[in-house]
Amino acid sequence: MNPIQTDVAIVGAGPAGLLLARMLQLQGIDAVVLERRSRDYVLGRVRAGIIEQPVAELLVELGVGERMLADRLVHDGVQLQHHAGDRMVRDRIDFAALTGKTVTVYGQRELVRDLIGLREADGLPLRFGAEVIGLDGLSDDRVAVRYRDEAGESTISARYVAGVDGAHGITAQLLDGAERQTLQRSYPAAWLGVLVEAAPPSHELIYARHPEGFALASMRTPEVSRLYLQVPAGDTLADWSSDRIWEHLHRRLDLPGSPVNEGRFLESSITPLRSVVHRRMRYGRLLLGGDAAHVVPPTGAKGLNLAVADMTQLSRRLGGVLLRGDEAALDGYQESCLHRVWQVTHFSWWMTDLLHRLESDEFGEELRTEQLRTLADGGPLAQWFADSYTGLPLTPWS
């Protein structure tokens, strides 16, 4: 049987892969999306929910923002909680006043649902349970993408392959480790996250720096909270009973008149804190993006947004080579992406270092305390923070 022919094989049906498929569709470029997990699994994955303003505007432009606009929460500020002298205070960083921008709270799972629904409604190729097992001919004119599904082994012939299947996906694993030129930093801490059936303690996110460790009060809806605790790296959920979780959440987040609301746990997880950057994002006709190319700590809420920025670069450059015959269009892909990657990696590192208890260093503690005071003053540091948090401009996608 002759292999299926396509312009671009997209490995991974997360938001990055699905958004790339949508951008290519609107340019008239054929693509097939392969996802090793089942449709139900993909729709059930819990991920971040903060969308930068440029990304939210892009979703509307791509025709996938209707439900987001109806259901989202718009935040024009964030609250930083920390000790000032002998008491705990909250300082508000006013994004709208500092930058004129906002962020959107809309669960990544809901965005994926919207993208899958749109692609399926358009009758375009999206294959779940299709596990890629090999990529042959990355230096040739076409790539043979070998995959396995319930029907057995099959092959897709593609001009290019987009590897957007996450940090543990097959596309990066198929490459020799030395080729990836990886730089990474692991932190001695992790995030314990719980989804709670209870109203959030504030209408905005609260980032709390506490002597016992970082905490974050976020939300998915006005009735559902997403709460996080800094825990030691290596801890498991078995180490944290529900009583212990609530005890630490109250100690680190409660202020008079603004307690954390308790409710039924809907989901819980532990996520390690780490930064990873693969300095190579192109291997012949394979192009990596999103978590397959870089990982940032969740503190700055940048993972999804950074992946989308990669996809705007990739979509425009694939359009250049496939539609306009510009064979050099992909040459600067990784350099252009990595400039933003390092900006975002720095911001995420800075927020992580500022808000967590990672070492007992009195000198460093005083520096962090002073940075928090400077942020509260609303000067250049607050301007940079607000601009970075709400999102740098995106490259045009076509």
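Which residue forms a salt bridge with E52? The close-ups below start there. This is a predicted model, where local features need pLDDT of at least 70, side-chain atom pairs count only at pLDDT 80 or more, and totals for chains, interfaces and linings use all residues. Residues are numbered from 1 along each chain as its sequence is written, and side-chain values use heavy atoms, with hydrogens and water left out.

**View 1. E52 pairs with K302.** Their closest N and O atoms sit 2.6 Å apart; a salt bridge here is a side-chain nitrogen of Lys or Arg within 4 Å of a carboxyl oxygen of Asp or Glu. E52 is in strand β3 (residues 50-52) and K302 in the loop between β19 (294-295) and α10, so the pair ties together parts 250 residues apart in sequence. Helices (H or I, at least four residues) and strands (E, at least two) are DSSP runs, numbered from the N terminus. Both E52 and K302 are buried (under 20% relative accessible area; exposed is over 50%, partly exposed in between; 1.4 Å probe, protein chains only).

**View 2. R251 meets E212 in a salt bridge.** The N to O distance is 2.8 Å. R251 belongs to helix α9 (residues 242-253), while E212 is in the loop between β13 (206-208) and β14 (215-221), 39 residues apart. R251 is partly exposed at 35% relative accessible area, and E212 is partly exposed at 37%.

**View 3. R282 and D331 make a salt bridge at 3.4 Å, N to O.** R282 lies in strand β17 (residues 282-283) and D331 in the loop between α10 and α11 (333-355), 49 residues apart. R282 is partly exposed, at 24%, whereas D331 is exposed, at 52%.

**View 4. A network of salt bridges links R209, D353, R357, E359, E365 and R368.**
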